[in-house]
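Please view the sequence and the model together while reading.

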Amino acid sequence: MRTEVVLVAGLADHDVAEELWRACPGSVLVRHDLRDLAGGVVRRWVDGELTVLELAHGCVSCTLRLDLLPLLERLGGRVVVHLDPALEPEAVCFALREVDVRVEAVVTVVDRAAWLADATGEDALADRGLAAAEADDRTVAQVVVGQAEFADALVLTGVGTDPVLDAVLDRLNPRAPRRDRHALDAAELLAAVPDDARRGRFDDGFGALLHGQPPLEPAHGVAVVHFVERRPFHPMRLHEALDVLFDGVVRTRGRVWVASQPDTALWLESAGGGLSVGNLGPWLAAVDDWSGFPVERRAAASATWDPVHGDRSQELVVITASASPEEITAALREALVTDEELALADELEFADPFAEWHDEMEEA
């Protein structure tokens, strides 16, 4: 029997997973505690029965590969998984691609009292005693924003309302139904998940960055900056401009084209004070054979093809909580190469901190 999984994420203490489990007769409830993971110890409960696991290597990937994935395949039927805060749903869903498990929904619990401060702060997980290993340098902001962004449904805990939080969530994940924990009907929540919800699926990084038609008009100081340009960034000026994406910004996501790496698309992502940069692979303009690329990407590139630059472009989406959209746009625009630099791009040798950064990431 194929396993159908509901993943429940969230940094705060909650009993939403138990509520979903009770609403699904015959389902199994799984929970992991990774607080001692650095020492190679994982505690796991299946329907309340505790098992203490000792892993040779205390890391999140080992926990997924050696325990959670085979457990889910073995259980079959519907399983509600209460994720430890150190386990982000996106990483779990990425790992689940290796096994015959279908993600029915990802539900994230948002604490009204703490989420917005966490999402715009600089605290590391280690500062809260939540790091999954000694080398885990993720920030709280990266985790809570990623949890909310990847969710198919959101459950809000705490009392009162916060129009700023609501405005942020409207723009971060406009398609996910939101419900209050105090009046939660778990079965209704799962039924409210849209038919075309993500349900654990990924794109290749070249898909639409604005999902679900978020409101583009500012509200309660919250705004969306959609930055699109057909000109490369100067790598050093972009590096210097990144500071504008930290203070008062909830989320930045997007594809970046730097003059020093004309054939490579970079992925830039920030949340609060945390930033990551990765390599998405080649622009289609840099390859001769497109047959190995997704049909959707080929169609999108053809529809927007530039006769000089092909599919190369900048596209960044920034969700602000208090930062100035105008200052962000100006800083990014000033980081683009000038006409003279663009004309001489093949001859100039650009100092590229992003190449060094990527090399360090690969070594780590």
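How many residues lie between β11 and β12 in their hairpin? There are two residues between them, and G272 in the turn has a positive phi of about 55°. The model is a predicted one, in which local features need pLDDT of at least 70, side-chain atom pairs count only at pLDDT 80 or more, and totals for chains, interfaces and linings use all residues. Residues are numbered from 1 along each chain as its sequence is written, and side-chain values use heavy atoms, with hydrogens and water left out.

- Strand β11 covers residues 264-271; strands (E, at least two residues) and helices (H or I, at least four) are DSSP runs, numbered from the N terminus.
- Seven of the eight residues of β11 are buried, where buried means under 20% relative accessible area, exposed over 50% and partly exposed in between (1.4 Å probe, protein chains only).
- Strand β10 (residues 249-256) runs antiparallel to β11 and is joined to it by six bridges; strands pair if DSSP finds at least two bridges between them.
- V256 has L266 in β11 as its bridge partner.
- On β12 (residues 274-282), eight antiparallel bridges connect to β11, and V277 stands opposite L268.

- Because five of its six residues are buried, β2 is largely enclosed by the rest of the structure.
- β2 pairs with β5 (residues 77-82) in the parallel sense over four bridges, and V28 has V79 as its bridge partner in β5.
- β2 is also joined by four bridges to β3 (residues 41-46), running antiparallel, with W45 in β3 as the bridge partner of R31.
- H32 lies in β2, which spans residues 28-33, and is buried with a relative accessible area of 3%.
- The side chains of H32 and D67 make a polar contact at 2.6 Å; such a contact is a pair of N or O atoms within 3.5 Å, and within protein one must be able to donate a hydrogen and the other to accept it, while residues adjacent in sequence count only if both atoms are side-chain atoms.
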